[in-house]
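Here is a short report on one protein chain. Look over the sequence and the fold before reading on.

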Amino acid sequence: MDNPLVQCPFDKAHKVLSHRLPIHIVKCKASYSGPEMEKCMYNATHYVPKGSLQTHYQSCKSFYEFHREVHEKFYEKHNIDENASEAFTEDDKSYYSF
Ligand SMILES: [Zn+2]
Ligand SMILES: [Zn+2]
């Protein structure tokens, strides 16, 4: 069974239930006075020391999932555009055959 406790990014001594982490972070961040932290763009509960976001993204599951979604959307869109441009080419042909 997975341990439902996760470590607070602001204080390693804080262990909170994962579903409580977003609430905990808001409170904890307000009283935090340590080195500057940066928020992960893909998950609001990920905070890493300033300057280490790029390293974080290499192992961030939310980053991976976000980009997988973007790629899927891109390919979907690309397929639609391809069909649209084919139809457009047909129109062009008939136009130029006049
Ligand atoms: Zn905390
Ligand atoms: Zn992250």
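## A buried tyrosine

Tyr 47 counts as buried because it has 20 C-beta neighbours inside 10 Å. The cut-offs are these: a residue is buried with 20 or more other C-beta atoms within 10 Å of its own, exposed with 12 or fewer, and partly exposed in between, the C-beta atoms being placed from the backbone. Tyr 47 sits in strand E4, residues 47–49.

Leaving out residues up to four places away in sequence, Tyr 47 touches Pro 9, Phe 10, Met 37, Glu 38 and Lys 39. Contact here means that the two C-beta atoms, placed from the backbone, lie within 7 Å. Pro 9 is 38 residues from Tyr 47 along the chain, yet their C-alpha atoms are 5.8 Å apart.

## Basis of the model

This is a predicted model, in which local features need pLDDT of at least 70, side-chain atom pairs count only at pLDDT 80 or more, and totals for chains, interfaces and linings use all residues. Residues are numbered from 1 along each chain as its sequence is written, while chains are lettered from A and ligands numbered from 1 in the order in which they are written.

## Overall fold

The chain has three helices and four strands. Their order along the sequence is β-β-α-β-β-α-α. Both kinds of element are DSSP runs numbered from the N terminus: helices are H or I with at least four residues, strands are E with at least two.

How many of the 98 residues count as buried? The share is 5%. Among contacts with a separation of 6 or more, 12% join residues 24 or more positions apart.

## Annotated segments

An unreviewed UniProt entry carries the annotation "domain: CHHC U11-48K-type" for residues 5–32 and 37–64. Such annotations may be inferred rather than shown by experiment; feature names are shortened, and positions follow the numbering used here.

Residues 5–32 are 36% helix and 21% strand, with the end C-alpha atoms 20 Å apart. Residues 37–64 are 32% helix and 21% strand, with the end C-alpha atoms 21 Å apart.

## Two loop residues

Cys 60 lies in the loop between helix H2 (53–57) and helix H3 (61–96). Cys 60 is partly exposed, because 18 other C-beta atoms lie within 10 Å. Beyond its neighbours within four places in sequence, Cys 60 contacts Cys 40, Tyr 42, Asn 43 and His 46.

Gly 34 is in the loop between helix H1 (21–30) and strand E3 (37–39). Buried or exposed? Gly 34 counts as exposed, because it has 8 C-beta neighbours inside 10 Å. The C-alpha atoms of Gly 34 and Phe 10 are separated by 7.9 Å.
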